[in-house]
Amino acid sequence: MEQMNRTYEPKIQKKLGEEPHRHLYIFMMVSLILGMLIWSSTAIQQGSKGKGFEVAWSILRGIFNPDGELLFNLTSKGVPYLLLETLSIAFLGTIIGAIISTPVAFLASSNVVPKPVAWVVKLFIMLVRTIPSFVYGLMFIRVTGPGPFAGLLTMSLTSVGMLTKLFSESIAVLDKNILESLSSLGCTTFEKIRYGILPQLFANFASTVIYRFDINLRDATVLGLVGAGGIGAPLIFAMNAYRWREVGAILLGLIILVMFIEWFSTKLRTKLVRG
């Protein structure tokens, strides 16, 4: 063993000596990152006369002393109904987006359709994903008017952009031997997708859809700020009116809902991935 170490030691030292010296490159990258951080910090402004800390303290007091009447109000003005509306917007938007994304993902996969077709579909999906959900919400509100339906359309469209991309990436790494076997049996394209592709992709697709639902639940809250339904609008109204106990009740309901959905979706995704 010692003889082998003596034999390979000069080679190792020679190899280490041949490694390029990247001290200058590392120094330049660190300097660039530090410069960007310093430049970005100039945009940070503290609230005038300490009002920022005062508002933050008021929000914290509201969370720990929420408005019980609003929190347990079962009418359409109460937190449970608004949370249910937000959850429904996120859930239905995810389901509709997944239904649309599945065939579009196959059209965006060059190993299933001709490359020119896949390229055009990928370009379209890229354009869809470029626009933020907030902008889609404002657009749909102009078309349908304020309300949950605008939020549903927004969630569906933004889900299509992300799900199609992730679905097509899963399709791209399929086991082609199964497809070749089905082709040798004379199966049509639909039959190959039905019996050769979907069984391989079901667990991955379902896990991706659940992950997108997590994102949509948070986005649906933000869309409420522009009038697209959900709990966001009452939240911003309460904050503008400095009704911090109402803000605390709404945020407490959101925290409980998000934590429960996070726990449930993690369990479900783990079960799907492990089979």
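The following legends describe close-up views of a predicted model.

**Figure 1. Overall composition of the chain.** The predicted chain contains 12 helices and zero strands. Read from the N terminus, its elements run α-α-α-α-α-α-α-α-α-α-α-α. Of the 275 residues in the chain, 34% are buried. Among contacts between residues at least 6 apart in sequence, 72% join residues at least 24 apart.

**Figure 2. Packing of helix α9 against helix α10.** Helix α9 spans residues 176-184 and helix α10 spans residues 189-223. The axes of these two helices come within 10 Å and cross at roughly 165°. An angle over 145 degrees counts as roughly antiparallel, and α9 and α10 are therefore roughly antiparallel to each other. The crossing of α9 past α10 is right-handed. On the α9 side, the contact involves Ile-178, Leu-179, Leu-182 and Ser-183; on the α10 side, Lys-192, Tyr-195, Gly-196, Ile-197 and Gln-200 take part. The residues of this contact comprise five nonpolar, three polar and one charged.

Figure 3. Leu-217 belongs to helix α10 and has a relative accessible area of 3%. Thr-94 is 123 residues from Leu-217 in sequence, yet the C-alpha atoms of the two residues are 9.4 Å apart in space.

Figure 4. With a relative accessible area of 38%, Tyr-211 is partly exposed. When neighbours within four places in sequence are left aside, Tyr-211 is in contact with Met-162 and Arg-269. Ser-265 is 54 residues from Tyr-211 along the chain, and the C-alpha atoms of this pair are separated by 7.5 Å.

Figure 5. Side chains of opposite charge can pair when their charged atoms come close. The structure holds four salt bridges, one of which joins the side chains of Glu-169 and Lys-165 at an N to O distance of 2.7 Å. Helix α8 covers residues 148-172. Because Glu-169 and Lys-165 are four residues apart in this helix, about one helical turn separates them. Glu-169 is partly exposed, with a relative accessible area of 41%. Lys-165 likewise counts as partly exposed, at 32% relative accessibility.

**Figure 6. The salt bridge between Arg-212 and Asp-219.** Arg-212 forms a salt bridge with Asp-219. The closest N and O atoms of this pair are 3.7 Å apart. The relative accessibility of Arg-212 is 6%. This value falls under the 20% limit, so Arg-212 counts as buried.

**Figure 7. The salt bridge between Arg-243 and Glu-246.** The side chains of Arg-243 and Glu-246 meet in a salt bridge, with an N to O distance of 2.9 Å. Arg-243 has a relative accessibility of 37% and counts as partly exposed. Glu-246, at 22% relative accessibility, is also partly exposed.

Key: Residues are numbered from 1 along each chain as its sequence is written. This is a predicted model: local features need pLDDT of at least 70, side-chain atom pairs count only at pLDDT 80 or more; totals for chains, interfaces and linings use all residues. Side-chain values use heavy atoms; hydrogens and water are left out. Axes are lines fitted to C-alpha atoms, for helices over the stretch in contact, and angles run from 0 to 180 degrees between N-to-C directions. Angles under 35 degrees count as roughly parallel, over 145 as roughly antiparallel, 65 to 115 as roughly perpendicular and the rest as oblique. A crossing is left-handed if the near helix is turned anticlockwise from the far one by less than a right angle, and right-handed if clockwise. Contact means heavy atoms within 4.5 Å. Ala, Val, Leu, Ile, Met, Phe, Trp, Tyr, Cys and Pro count as nonpolar, Asp, Glu, Lys and Arg as charged, and the others, Gly among them, as polar. Buried means under 20% relative accessible area, exposed over 50%, partly exposed in between (1.4 Å probe, protein chains only).
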